[in-house]
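Please examine the sequence and the structure shown below.

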Amino acid sequence: MDLHRFANPARFMRLSAAILPWCGAATATLIAVGLYLALFVAPPDYQQGEAVRIMYVHVPAAAMSSVVYGVLALASAIAIIWRHPLADIAAQSAAPIGAAFTLLCLVTGSLWGVKMWGTWWVWDARLTSVLVLFLMYLGLIALWRTIDDPARAGRAAAILTLVGAVNLPVIRFSVDWWNTLHQPASVFRMGGPTIDVSLLIPLFVMGIAFTLLFLTLHLAAMRNEIMRRRVRTLLLTQAERA
Amino acid sequence: MDLGPHAGFIIAAYVTAIAVVGLLIAWVVGDYFAQKRALADLERRGITRRSAEPRPSGVKEPA
């Protein structure tokens with residue numbers, strides 16, 4: 001299959017216009033179902049009580065903060081190797097969404113931590129590496145906005161993104177490598193999840209809902225970026241003709 | 001629904017989630033209309049892509 005065929009911006013605009021309403025509808029439905037399960041169906045935890053309900057927004061946001069950076073790193077690698085403009089657009093459009101998920105993870109984690117740990121924040125390896133991830137996202141957004149030429153900005157941002165990708169395994173394994181206040185992995189781990197299935201099902205529904213939310217927002221943001229670049233090209237062409 | 005003694009923190013977490021997702025959606029939708037307006041404005045002023053312009057007579061379409 002020739003993937004370059006699908007990476008054509010004009011073709012992408014046509015395909016995404018057809019997919020986007022379905023993605024949006026699926027996202028809204030799953031978020032509604034997920035919220036219902038998380039707030040009304042899932043039982044309280046035997047230790048944490050009702051506070052465990054924060055998990056249903058914190059864990060999917062945390063997972064997406066890393067997944068989105070993974071998407072960004074993959075798109076950056078493709079942009080550097082094949083110099084494909086759509087890969088560059090994919091990376092640029094994913095950064096603000098990733099930053100929002102990471103911010104949500106940090107805030108909800110803090111709200112959860114103050115009740116369970118007795119503190120809003122500790123400089124342990126997991127929390128600090130996620131804060132570094134948030135700062136990486138902000139740095140990338142700033143870099144794209146600083147350099148006027150999208151091609152040059154894209155190359156610089158792609159290199160920075162790939163360097164920053166070293167933080168992903170640090171985030172994932174920080175709870176195993178160092179002694180942290182944050183608990184070790186309890187969902188995606190060898191030997192299966194340690195969470196009861198009654199809590200796990202709403203968590204998976206919310207996880208899929210957040211993934212679809214990212215897909216919908218990413219497609220829409222990519223379409224916007226393609227239009228922005230068209231506007232820029234037209235204005236430059238007009239300036240050259242004048 | 002009784003959220004117990006941690007109700008304030010649980011509600012704050014969900015309100016934050018709604019606010020962050022709401023702002024993301026507003027940003028994407030707002031940006032879409034801004035770009036669409038900008039493109040329509042350029043088209044109205046007759047500024048279009050070369051590929052969208054009518055070809056002069058005698059010039060063949062590219063294969």
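Two residues are in contact if their C-beta atoms, placed from the backbone, lie within 7 Å. Helices (H or I, at least four residues) and strands (E, at least two) are DSSP runs, numbered from the N terminus. The model is predicted, and local features need pLDDT of at least 70, side-chain atom pairs count only at pLDDT 80 or more, while totals for chains, interfaces and linings use all residues. Residues are numbered from 1 along each chain as its sequence is written, and chains are lettered from A and ligands numbered from 1 in the order in which they are written.

**Packing of α5(A) and α7(A)**

- In α5(A), residues including A:Ala125, A:Val132 and A:Met136 belong to the group that meets a group in α7(A), among them A:Asn167, A:Ile171 and A:Trp177.
- This contact comprises 9 nonpolar, 3 polar and 1 charged residues; Ala, Val, Leu, Ile, Met, Phe, Trp, Tyr, Cys and Pro count as nonpolar, Asp, Glu, Lys and Arg as charged, and the others, Gly among them, as polar.
- The axes of α5(A) and helix α7 (residues 167–177) of chain A are 8 Å apart, at an angle of about 170°; axes are lines fitted to C-alpha atoms, for helices over the stretch in contact, and angles run from 0 to 180 degrees between N-to-C directions.
- α5(A) is therefore roughly antiparallel to α7(A) (angles under 35 degrees count as roughly parallel, over 145 as roughly antiparallel, 65 to 115 as roughly perpendicular and the rest as oblique).

**Packing of α3(A) and α4(A)**

- The axes of helix α3 (residues 55–82) of chain A and α4(A) cross at roughly 160° and come within 7 Å, so α3(A) is roughly antiparallel to α4(A).
- The contact of α3(A) with α4(A) has 21 nonpolar, 7 polar and 1 charged residues.

**The interface between the chains**

- Chain B has 1 helix and 0 strands.
- In chain A, 29 residues are in contact with 24 residues of chain B.
- α8(A) supplies the largest share of the side of chain A that touches chain B, 11 residues.
- That side of chain A has 20 nonpolar, 4 polar and 5 charged residues.

**The nonpolar core**

- The largest nonpolar core has 65 residues, and A:Ala94 is one of those with the most contacts inside it.
- A nonpolar core is a set of buried Ala, Val, Leu, Ile, Met, Phe, Trp, Tyr and Cys residues joined through C-beta atoms within 7 Å; a residue is buried if 20 or more other C-beta atoms lie within 10 Å of its own, exposed if 12 or fewer, and partly exposed in between.
- The largest share of this core, 16 residues, comes from α4(A).
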